[in-house]
Amino acid sequence: MADIPGTARAVIIGGGAVGASCLYHLARAGWTDSVLLERNELTAGSTWHAAGNVPTFSTSWSVMNMQRYSTELYARLGSEVDYPMNYHQTGSIRLAHSRERMQEFERAKGMGRHQGMDLEILGVDEIKARYPFIETHDLKGALYDPNDGDIDPAQLTQALAKGAREMGAKVIRFCPATGVRRENGEWIVETEKGEIRCEIVVNAAGYYAQRVGEWFKPYGGRTVPMMVMSHQYLLSEEIPEIEAWSKEQGRKLPLLRDVDVSYYLRQEKHGFNLGPYEPRCRAHWADPSDPMPDDFSFQLWQEDIDRIEEIVTDAMARVPLLGTSGISKIINGPIPYAPDGMPLLGPMPGVPNAFEACVFTFGIAQGGGAGKVLAEWVTEGAPEWDMWSCDPRRYTDYTDHEYCVAKGMEVYGHEYAMHFPWHRWSAAPDRKLSPVHDRIKEMGGQMGDYNGWERANWFAQPGDDTSEEATQTWDRAGPWEPRIRQECEAVRDHCGVLDLPGFSRFKVQGPGADDWLRGLVTGALPKVGRVGLVYFTDDRGRIVTEMSVTREAEDLFVLVTAASAQWHDREWLERHMPKGAGFTLEDWTDRMSTLIVTGPKSRDVLSPLTNADLSLPWLSFQEAEVAGRWAALLRVSFAGELGWEIHAENADIPAIYEAVVDAGAKPFGMWALNSLRIEKGYRAWKGDLSTDYSMLEGGLERFVKLDKPQDFPGKAALLAEKQRGVAKRFAPLIVEAGAADAPYMSSIWHGGEIVGETTSGAWGYRVSASVALAMLRADLAVPGTKLEVEIYGERCPAEVQPDAPLWDPENERLRA
């Protein structure tokens, strides 16, 4: 056993595949004086009983990147570190029972090809050729991934640890961490065998991550949003037909996934490994009657075959060979789940120099990529890919224990479910409510979840089908479509009102606030009484976030940003605040709410209700009374029409909302707003605006002042990029779409080559066309260029438009 060092650059708590990968990649990045602590032997947690599947498939661009990197790493790791590894890239076949599932597969294939992977769509006849023991009579087709397969989790972890040790990093086994404390800007990690002083701490504690996370609460942390599921898989006895086939072919069968039934079936030696994700699932350690033990190393639960009997029966019908063999073993062990099933990977919210690399539901598949991402975050300040899908700051203060258990069980029970754009998962709703929530629902509001806040996506009318079944489609058509059209037309022709609770809102006030903000944003700040849009970039010049800034006084600014960005953007601001600053930063998110009142008749609607000067120009700010209540009025509109944002205290919102509706404004929802903003080319955070793109690539040069005297993060990088020219460029597209509009990360083709991707898309009801916002190879971002956008497998003709709003390009309606 290694001695406990008194100091280290980084300490990783947890010795599973993910923790070992973090250590390996930190060492590769030059942080060779890093240490991994494991309470038992390496792999003692979920890694020990993991099935070891290594798919690349995902409908998340960032997770697909991470998993693709894992397959590439694992293919070379054994030889690189001279460690024997059983890694079989057998390929996999995902079965489809419906048109909608085939559309999902087509989308994944397009994303995979954009990342350089050769995914294939198989017809029903081709499935049998690849997997001779399968019944195909009720299938529509399949997705084939040649890089999928399986790996021995213990060998993988030991290989990563060996590689890290050889570079100088330390792995200390049988040494539980017992706590942390902070002294003089450094961390002290406490163990039973001594203390380690370090710069960075990483929580990679798997299903114990929540317990480890509690140690950080005195330093600004929160309870880690997670729960633990019981996951079972079955190992069959050996089957002679499989042995004969493998010897004849010289390889294993492809890994089979029947995602519509919810299981995987893998060849294990000369038998099968069957892993179901059953709807009648079981949470463990979820209440006082079932407490989490202090140490569950190398332990399992008693099997519960009744829970998975129906899925096992279905699998036997799909592959009758499975039914010819008995069961040799049932594995039933703990797997951690975050509320959305994605891992927690990135900065620990609210805590300096602490990171999370935990709650991996698919830790073997994602572990290699996770180590790369974590190491880049620690050593370079940001990862190569935008990783918002896994960023721990995507959750804020609504993820209590009941929420995490309910959502974790929902995700597990629908592990392979399709995530349709119109569908809402029903578990644990109503975490944060608007002051007019009940009124919105009474008017037919069909709600969505925005960082825990309930907002109306669209307004149903009597007789509309609001069932869950109606939302099971990728297509534009549905009961919501005519309502979205009507809502957009109301905003276009008259006046609409949108209830918008949950805007992240920060007040910066005091001497020096002006200079500080000016040195942090890429462009200029507004004058007193004015509103402006500002951008923050990282050292690479890539887009970190966008905020609207209202300057209420010389040293008083109100910054407003997306609901989901609350903890992310607050952390960015706090991290850049100078010590001993003469100004303050306050989070006012929960204190106020917002209404958007917009449309050509919005001035007529508001005039009888307010003493505000509604003739003040676009981008102006004023305080006034609306319906007898104090409010701040900002003359801006994300819908691209004449309009105002009304910001008021929560208690005053109901009176203002009722007065606006009574005056004739039509309620509209988030899906209409999305259509309206895309027609204007307005970017949305973590879609069109992300660290995958620089400000210049994003077509936001007008918000960059490279000649201003203040340096800002990324200024040097943007100067260099401007000199050499951008590789990609933003462009709006008009698409001859069929039944569906372009989702995020749809591949764009030109001359048989992928040349870019869409960042968002929707039907534009004012321009009567399908619109996509895109990032293209720079030489093709020229108005009139003919392209194709791949939408669920269909290549649809598209044409590049000028980088200007498609609707009201001169902004005459905004300024009216």
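Predicted model: local features only at pLDDT ≥ 70, side-chain atom pairs only at ≥ 80, totals over all residues.
The lining of the second largest pocket comprises 17 nonpolar, six polar and twelve charged residues. The space inside the second largest pocket comes to about 790 Å³. Its lining is made up of 35 residues, and those closest to the centre of the pocket are Pro347, Trp377, Gly381, Glu571 and Arg575.

Turning to the secondary structure around this space, three elements each contribute at least two lining residues: the strand β19 (354-358) and the helices α10 (363-380) and α15 (566-575). Of the elements, α15 gives the largest share of the lining of the second largest pocket, with five residues.

The cysteines come next. The structure contains zero disulfides. Cys198, for instance, is in no disulfide, and the nearest cysteine sulfur, that of Cys175, lies 13 Å away.

Cys495 takes part in no disulfide, and its nearest cysteine sulfur belongs to Cys488, 14 Å away. With a relative accessibility of 0%, Cys495 is counted as buried, since the cut-off for that class is under 20% relative accessible area.

Definitions and conventions: Residues numbered from 1 in each chain as written. Heavy atoms only, no water. Disulfide = S-S within 2.5 Å. Buried < 20%, exposed > 50% of the residue type's maximum accessible area, 1.4 Å probe, protein only. 1 Å grid on protein atoms, 1.4 Å probe; cavity = no way out; pocket = protein on both sides within 12 Å on 5 of 7 lines; lining within 4 Å. Points joined across faces, edges and corners; volume = space filled by probe spheres on them. Helix = DSSP H or I, 4+ residues; strand = E, 2+ residues; numbered from the N terminus. Nonpolar A, V, L, I, M, F, W, Y, C, P; charged D, E, K, R; others polar.
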